[in-house]
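Here is a short note to read alongside the coordinates. The points run from the chain as a whole down to single residues.

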Amino acid sequence: MKTNRLVLSLFLIFCLSSCAANIEVLKKQEEASRNLGEAYMQQRDFSSALREFLKAEKIYSKDPILQNDLGLAYMAKDRLDLAVKHFKKAVKLKPDYVPAKNNLGTAYLAKKEWDVAIACFKEIVDDILYATPHFPLTNLGWAYYNKQEYEVAEKYYLDALKLEPNFIIALRGLGRTYMAMERAADAVAMLEKTVKNYPRSAESYFYLAKAYSLSGEYKKAINSYNKVIELAPESFLAGEAQKEVEKIKRLR
């Protein structure tokens, strides 16, 4: 009887060791495909990235980094419901995975589900271990801007800029918020700072032109719209900038 028990115990130990070894092999195979997918993401080849991530998921699906990567790939392909699904999986696998929580909130922003997004970001803004809290703070600013709660939006943008004074998305977002509040001078000042720091940003010049128009500085507005056309001649913004230039010229 004792011999049988010993044999059974040894067999169970062997099985557990073998299973653990197999899982480690699977994890390494999954990680290789994930790394290749991340390289494709950096090249903006989102279809190839997604293919590698899905291959990795078939090998080993319980990697939170992989689930976050899948969410990012689906976001890039504008498949927002699938992005949300995978960001949620990442957070479920690793509840303290703050970047995935921020990405989940960003996906809800893209879906224009402002209140759900706000709940995601508020959960992480006070996490002192998170290295980039200006991201969720800026995202909160954008969410409240879209809810037309401009004073709250201003607060979060300013909080983000206290941490990262030259963060372009927060600078531009605060400038747009000031325009919505009809604070033309503040909008101009903020957006002038933005284009000074980021002179190749056509989008920033576009909103600076709008701020100039709001403050009645039409010559400066035309110059800024022309800068948009110069920087991004084939873009949608360039077409909009040309329309605004023609509109100003008709009014003058």
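**Notes on the predicted model**

Ser224 sits in helix 12, which covers residues 218–231. The model is a predicted one, and the points below should be read that way.

1. **Ser224.** Is this residue buried or exposed? The relative accessibility of Ser224 is 5%. Buried means under 20%, so Ser224 counts as buried. Beyond its neighbours within four places in sequence, Ser224 is in contact with Tyr205, Leu208, Ala209 and Tyr212.

2. **Secondary structure.** The chain has 13 helices and zero strands. Read from the N terminus, the order of elements is α-α-α-α-α-α-α-α-α-α-α-α-α. The radius of gyration is 25 Å, whereas the globule rule gives 18 Å for 252 residues. The chain is therefore more spread out than a compact globule.

3. **Overall dimensions.** Along the principal axes, the C-alpha atoms fill a box of roughly 100 × 35 × 30 Å. Of the contacts with a separation of 6 or more, 45% are between residues 24 or more positions apart.

4. **Surface and burial.** Of the 252 residues, 44% count as buried. The accessible surface of the chain is about 14500 Å². Carbon and sulfur atoms hold 55% of that surface.

5. **Charge.** How many side chains are positive, and how many negative? There are 39 positive and 32 negative side chains. The centres of these two sets lie 3 Å apart.

6. **Nonpolar core.** In soluble globular proteins, nonpolar side chains tend to be buried together. Here the largest nonpolar core has 62 residues. Phe53, Leu140, Phe206, Tyr225 and Val228 touch the most other members. Which helix gives the most to this core? Helix 11, residues 202–214, does, with eight residues.

7. **Phe53.** Phe53 is one of the core residues that touch the most other members. Its contacts, leaving aside neighbours within four places in sequence, are Arg34, Gly37, Glu38, Met41, Leu66, Asp69, Leu70 and Ala73.

8. **His134.** Helix 7 spans residues 134–146 and contains His134. The relative accessibility of His134 is 9%. With buried set at under 20%, His134 counts as buried. Not counting residues up to four places away in sequence, His134 touches Ala160, Leu163, Glu164 and Phe167.

Note on methods. Residues are numbered from 1 along each chain as its sequence is written. This is a predicted model: local features need pLDDT of at least 70, side-chain atom pairs count only at pLDDT 80 or more; totals for chains, interfaces and linings use all residues. Side-chain values use heavy atoms; hydrogens and water are left out. Helices (H or I, at least four residues) and strands (E, at least two) are DSSP runs, numbered from the N terminus. The radius of gyration is taken over C-alpha atoms; the globule rule is 2.2 Å times the number of residues to the power 0.38. Buried means under 20% relative accessible area, exposed over 50%, partly exposed in between (1.4 Å probe, protein chains only). Contact means heavy atoms within 4.5 Å. Accessible areas come from the Shrake-Rupley method with a 1.4 Å probe; for residues, only the protein chains shown count as cover. Lys and Arg count as positive and Asp and Glu as negative; His and the chain ends are not counted. The place of a charge is taken as NZ of Lys, CZ of Arg, CG of Asp or CD of Glu. A nonpolar core is a set of buried Ala, Val, Leu, Ile, Met, Phe, Trp, Tyr and Cys residues joined through side-chain atoms within 4.5 Å.
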